[in-house]
Amino acid sequence: MNIDMNLLYKTAFNSANEGLVLVNKTGEIIEVNTKTIKLFGYSKEELLGQKVEILMSSKYHKSHVATRNSYHKKPSAREMSNEKSHLFGMRKDGTEMPINISLNPFEMEGERFVLALISDVTKSRKLLEELKSTKDNLFKLNLELENLVIKRTKQLRKSQKLYQLIAQSFPNGIINVLNSEYEYVFAEGKDLKNRKIVPDSLIGTSFLSQFNESSKANILDKLKLVSTDSIQSLQVEIDECYYELNIIGLANSDNVIDQILIVQFNISQLKKHEKEQERALVKERELGVMKSRFVSMASHEFRTPLSAILSSSSLIEKYEKEEQQGNRLKHTARIKSSVNNLTNILNDFLSFDKLSSGNINVTIERFDLMEAIEAALDEIQVLKKKGQKFIVDKDATHTVESDPKLLKNIIINLISNAIKYSDEGSEVEIRVSEKKESIKIEIKDSGIGIPEEEQKKMFQRFFRAGNVSNIQGTGLGLNIVKKYVELLNGNITFESKLNVGSTFIVTLPKIFSHV
Ligand code: ADP
């Protein structure tokens, strides 16, 4: 094959993808290829014979001449631009474009030429710049992200600390966070401190282990219903302390409940108050019932002596004659006894009321017990039935330190019962004996006695035995006596046999001491 080498070089020259510019030693353009014409917008004719600077940005025109001259002194194949210093070419229309130029010097027939390869790097520069700005942006973003992470971590630590502090000072309770196995992940609160539990010692242990089986079952029932939007509440007991548990689920970022928050309030004090209130309410109700019972009983008991007084006083008026003095005395005695009955009922009422409202004060004095008993007997002489006698063991004097008023009330109450529940002509014995620190007062009658099966109810309010038939009474006396004896730190017992008689025994400390 015979190839026209000239044509081949020319064709190769023009089909190169870079601009090829052939320049002589003085910088004049000798030849350009098609790509150069395309790149710079000049015609071939316009370029040939021109200085090569025509293709360069005007800002290089001056300096380039010197650069070109020094290049020719020491020519070598090299790049005219690198990444740092961008080179700009200039088109015919005056617009500039970034270019890369590689210089290839050669000699032909003793003359020096340089073949410059020019490529338009607008696209690659743009790409490079984009890449650079992306890199910068990425770096900036990364930095921002890092700062954000640091800031958030700080915030998180701060809020964590804050939450911990809040939890630590959570009054009267504990804030617990459990994992899905119901083991502690977190626990803080004043109640832990009070119970001397170190929060860290709980981590990883079972929350449920502190409860008894029934509480455990109740809590488990609630835990099964746990959700993130409604609170499950229940009350439980731990070591005689009452707690209210409020349970709510904590969801993770996938919206799955993986932890449980249990806010545990110590409601022992509240429970105690509730119980006290309940007790007070029961007592108040009881008292209300008692009072209304007492009022109906008292009004019934008042009627008998009042009608006796009324009938006796109207009968007295009719006994005008001298010889009817006996009848008059009989009726005045009836009036006196009725008035005594009324007084007793009123006394019972007053004592009952005082005791109910807790208004009894114990006032301690030193006195002779036998003298006090004699004085009480004097007062109730009028109650004695016909032929009844008091037998008092007077052998010794007994000095005591107690409340004389309460003691007198006790003695009067017991002796008036002995009189009331015994027949005319019977004897009531009052015996006092002393031990080292206590004193015993026995009041014995030979009256109707108390049925054995009813004896255990004797000191109950309003209790009256079945055998009292129409003997007047309120059923309050013994209840009051027992309370008074207890106020004096003593105790009361009795022995009784139906239709044989009863003995009431009061034992008191010789010297009362406030316990
Ligand atoms: P009251 O005498 O006003 O009924 P008390 O509380 O003093 O009330 O006594 C309660 C009951 O105890 C009496 O109703 C009576 O049944 C019985 N009782 C008390 N003392 C005696 C006694 N000495 N002998 C027999 N029964 C008595």
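Student: What makes K384 count as lying over the face of F390?

Tutor: K384 lies 4.6 Å from the ring centre of F390. A charge sits over a ring if NZ of Lys or CZ of Arg is within 6 Å of the ring centre and within 35 degrees of the ring normal, so K384 lies over the face of F390. K271 lies over the face of Y242 too, at 5.6 Å from the ring centre. Please keep in mind that this is a predicted model, where local features need pLDDT of at least 70 and side-chain atom pairs count only at pLDDT 80 or more, while totals for chains, interfaces and linings use all residues. Residues are numbered from 1 along each chain as its sequence is written, and side-chain values use heavy atoms, with hydrogens and water left out.

Student: Why is the pair of Y184 and F207 called edge-to-face?

Tutor: Their ring centres are 5.7 Å apart and their planes stand at 70°. Rings of Phe, Tyr and Trp (its six-membered ring) pair if their centres lie within 6.5 Å; planes under 30 degrees apart count as stacked, over 60 as edge-to-face and the rest as tilted. The pair is therefore edge-to-face. Ring pairs also link Y184 and F207 with F211 into a cluster.
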